[in-house]
Amino acid sequence: MDLTTIGLNSIWLMLATILVIFMQGGFILLEAGSTRMKNAGHVAGKTIFTFGIATLVFWAVGYGLIYGGDGNAFIGWGDFFLNPNPEAVDGDAYPQTIDFMFQLAFAGIALTIAWGGFAERGKLAAYLIFSVLFIALVYPVVAHWIWGGGWLSDHGKQDFAGSTVVHLTGAMAALAATILLKPRIGKFNKDGSANEIHGHNQVFTALGVLILWVGWFGFNAGSTLEVGKAFFGYVALNTQLAAGAGAIAALLIAWAITGKADVPTMLNGALAGLVAITASCAFVDPWAAVVIGIIAGLLVFGSMKFFEKLKIDDPIFALSVHGAAGVWGTISTGLFATETLAVQTLDWGQAGLFYGGGFTQLGVQVMGVVTSGAFAFVASFIILAIMKAVMGLRVTEEQEIIGLDLSEHGSYGYPEQIKQSMN
């Protein structure tokens, strides 16, 4: 490969990496805006702190457990404490240094999604320990199965940018945490009815969603990994269509059923559309991207109500946005993947049910969702259950009432506003 092509690929992938890392800023605003003011500083600080932990652990072991060349169908092995060649070597489309950075950004997003299950009641120490164990023991296994040459890869499991690898894995860890931590104080009444615990800033939440939306072009379009014939433009188009469709569908169904055009539901619909198209963005026609986004927007509304009825307290709706939509997005390629894109363009799996591929690819997609989701949930649950027994996961009732800003960090994210409210 000539140096010009290597250079262009490297610039594109590094730009995509920066966009995906910047999504952490979107998650800070989304989670802070969706929770209460007394926890805002904690939300922002722990996001940066845990991404730092993820960086070191992914460099030490996570990357090698995904892509190490001495592994097997279950796990990779090698390239621990990565010390790559500083430049691209013969046969490379881009240097390993940039590949590591890109893959690290994805691992960091999966971890941040998992934190949805801890929101407003998790100990900072629990964030520290679980960050290490999730990046070392949970995420690499699923990523290797699908992207690292593992057994699901051998079956042709289609997941272009991570509806399963990133979003479902993070959501299953969030589910395990939510179950073990129990609901926030005041979320449910004795009769089982739920109380609304509103976030403190819808503007923050909306801005966070917009940042995530923009970052998703690094997530999805960046996963082309090369400039080539500019296929990334097609991926970006499908991504945009699904996001817009998800936002509209979620707003309309909330408006129709509740009588109010609920803003948080609309924002979650946009994210659900993005999550759903993440697996299928390179495999489907634009009209299918719209359908995938619409179904994701409708699904996220129903899923939010469903988990609330189960008395599962999901403050930022990670289980619905990343879990339910991640499942739908992964399965959708088994329905809508075209022969031209899946077989001729990408050589990745087969055409979907609606394009003459029968049930083969659909079966592979369902198998991938079930096995990957089950592993992520069970592994996370075991880790967190042991942590709960040894060190505890949740702050005390007094600390939760005071807020994690003060109880965990000694200062408020909004010190002037807090002082005014106390006076």
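Reading loops and a helix

Gly76 touches Gly64, Leu65, Ile66, Gly68, Gly71 and His144 (contact: heavy atoms within 4.5 Å), leaving out residues up to four places away in sequence. This is a predicted model, where local features need pLDDT of at least 70, side-chain atom pairs count only at pLDDT 80 or more, and totals for chains, interfaces and linings use all residues. Residues are numbered from 1 along each chain as its sequence is written, and side-chain values use heavy atoms, without hydrogens and water.

User: Where is Gly76 placed?

Analyst: Start with how elements are assigned. Helices (H or I, at least four residues) and strands (E, at least two) are DSSP runs, numbered from the N terminus. Gly76 lies in the loop between helix 2 (40-67) and helix 3 (96-114).

User: Is Gly76 buried or exposed?

Analyst: Buried means under 20% relative accessible area, exposed over 50%, and partly exposed in between (1.4 Å probe, protein chains only). Gly76 has 0%, so Gly76 is buried.

User: What does helix 6 span from its first C-alpha to its last?

Analyst: The expected span of a helix is 1.5 Å times one less than its number of residues. Helix 6 reaches 25 Å, close to the expected 27 Å. Lys182 follows helix 6, with a positive phi near 75°.

User: Which backbone nitrogens does the side chain of Asn201 reach?

Analyst: A polar contact is a pair of N or O atoms within 3.5 Å; within protein, one must be able to donate a hydrogen and the other to accept it, and residues adjacent in sequence count only if both atoms are side-chain atoms. The Asn201 side chain reaches the backbone nitrogen of Val203 at 3.0 Å, and that of Phe204 at 2.9 Å.
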